[in-house]
Each structure stands twice: as C-alpha cells, then as structure tokens.
Amino acid sequence: MASTLVVNVLDLLRRPGSQKEVSVVVKAADFDFGDSRLDDAADVAVDIELESSSTGIVAHGSAQVAWRSMCRRCLRPVDGAVIAELDEAFSRGVTAAVHHHGDTAGDALSETEPIVGDQIDFTLPVREAVLLAVPEAPLCRADCPGLCPQCGADRATTKCACVTETRDERWAALDVLRGKLDDAVE
Ligand SMILES: [Zn+2]
Ligand SMILES: [Zn+2]
C-alpha cells in the first residue's frame with residue numbers, strides 16, 4: 001500500500017483551522033486496483049487539501065489517472081483519463097462521529113472516519129474514488145454504430161447485407177404466427 005498517502009495530521013489537530021496540502025504521484029500498483037482498466041504502471045496524481053476543525057479534519061481533493069478499456073459497442077480499444085473527486089471527513093475520537101454539513105458531495109460525507117494514531121491513510125478513499133470514476137462501459141465515440149449483431153461486421157467500416165436491425169413489426173407478428181403453426185404440426 002502507498003505509504004506516501006499516509007498523512008500525519010498531528011499539527012493540524014493541534015491548531016484547528018489550519019490547512020495542509022498533499023500532492024503526490026503514486027503508481028497504480030500501490031492501490032491494488034485489480035482492474036483491467038487500470039494499468040499497474042500508470043501514475044495516479046493525488047492532490048488533497050486538508051483542513052482541521054475542533055472536531056476533526058475535512059479533506060477535499062482529486063486523483064487523476066489514465067485508463068484504457070474497450071468500446072462497449074465495437075470493442076475497439078478506448079482510453080482516457082479521469083479526475084476522481086475526493087471528499088472525506090475524519091473525526092478525532094473513534095466514538096465521536098461528526099456529521100459534516102453544507103457540502104456538495106452528499107452521501108460521501110455523511111460518514112466520518114476516525115483518525116487513528118494522528119494519521120490519515122488516503123489509500124483506500126483514493127482507490128474507491130478512482131474505481132467509481134473510471135467509466136464502466138465507454139464508447140469509442142458517441143455515435144459508434146457498433147458491430148452487426150448477426151455477422152459481427154464493424155459497422156463503422158463495413159456495410160454488411162444483414163437486415164436484422166430494421167425489423168418490421170408486421171414480420172414479427174408473422175413469425176409468431178409461424179411458430180404457432182409449427183407447434184400445431186408437431
Ligand atoms: Zn465503438
Ligand atoms: Zn451483418
């Protein structure tokens with residue numbers, strides 16, 4: 001796990017209202033993503049701003065990483081980069097869970113993590129945010145025509161003779177009828 005993402009917050013806790021900035025580049029391998037979209041050798045650029053209050057610490061930031069995947073329609077390789085937003089709240093005491101208000105992140109902030117040993121480990125929050133931000137089923141382009149469901153031809157480059165895609169309702173009705181006739185014959 002990425003030790004550079006373990007931040008000592010003792011100074012911050014001693015002076016409520018103080019801030020600290022963390023800017024590090026960590027290898028994707030350090031997060032154990034276990035996700036084919038994220039190359040272990042990729043750099044994850046993490047920027048986090050921490051601010052302390054009398055009850056704990058609020059952290060806002062982002063993690064930027066390149067991903068690669070496949071177009072969900074034509075299976076061409078697709079790549080891109082995401083900026084995953086981080087919004088985390090940490091409380092001083094394990095039992096004193098403080099709810100954070102007035103932010104845009106909604107549910108992400110409703111849970112407050114305890115600060116253990118005057119340190120905050122951002123490895124897991126960053127990991128989670130990145131996995132959520134990487135697109136699940138990307139497209140190579142918005143109007144990718146995809147593959148022909150019948151012959152598998154790439155419709156962006158090939159015009160096949162298959163006619164399945166513009167199926168007429170009346171033919172569908174006829175098929176049903178045909179099916180019934182077949183049943184009757186058997
Ligand atoms: Zn495509
Ligand atoms: Zn076809």
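1. In this predicted model, R76 is partly exposed, with a relative accessible area of 30%. R76 forms a salt bridge with D154, and their closest N and O atoms are 2.7 Å apart. R76 sits in the loop between β4 and β5 (77-91), while D154 sits in the loop between α2 (123-133) and α3 (169-185), so the bridge ties together parts that are 78 residues apart in sequence. D154 is buried, at 17% relative accessible area, because the limit for that class is under 20%.

2. The count of salt bridges comes to 5. One of them pairs R68 with D39, with 3.6 Å between the closest N and O atoms. This pair links distant parts of the chain, 29 residues apart: R68 belongs to strand β4 (residues 56-70) and D39 to the loop between β2 and β3. R68 is partly exposed at 48% relative accessibility, and D39 is partly exposed at 31%.

3. R141 also forms a salt bridge, with D143, the closest N and O atoms lying 2.7 Å apart. R141 counts as partly exposed at 40% relative accessibility, whereas D143 is exposed at 55%.

4. A negative surface patch is formed by E21, D47, E49 and E51. Strand β3 (residues 43-52) supplies the largest share of this patch, 3 residues. E21 is placed in strand β2 (residues 19-27) and is exposed, with a relative accessible area of 61%.

5. S18 lies in the loop between α1 (10-14) and β2. S18 counts as buried at 18% relative accessibility, and its side chain reaches the backbone oxygen of R15 at 2.6 Å.

Conventions:
Residues numbered from 1 in each chain as written. Chains lettered and ligands numbered in written order. Predicted model: local features only at pLDDT ≥ 70, side-chain atom pairs only at ≥ 80, totals over all residues. Heavy atoms only, no water. Patch = residues over 30% accessible without salt bridge, like charges linked within 9 Å, V, L, I, M, F, W, Y side chains within 5 Å. Areas by Shrake-Rupley, 256 points an atom, 1.4 Å probe, with all protein chains shown as cover. Salt bridge = Lys/Arg side-chain N within 4 Å of Asp/Glu carboxyl O. Lys, Arg positive; Asp, Glu negative; His and termini not counted. Charge placed at Lys NZ, Arg CZ, Asp CG, Glu CD. Helix = DSSP H or I, 4+ residues; strand = E, 2+ residues; numbered from the N terminus. Buried < 20%, exposed > 50% of the residue type's maximum accessible area, 1.4 Å probe, protein only. Polar contact = N/O pair within 3.5 Å; in protein donor to acceptor, adjacent residues only side chain to side chain.
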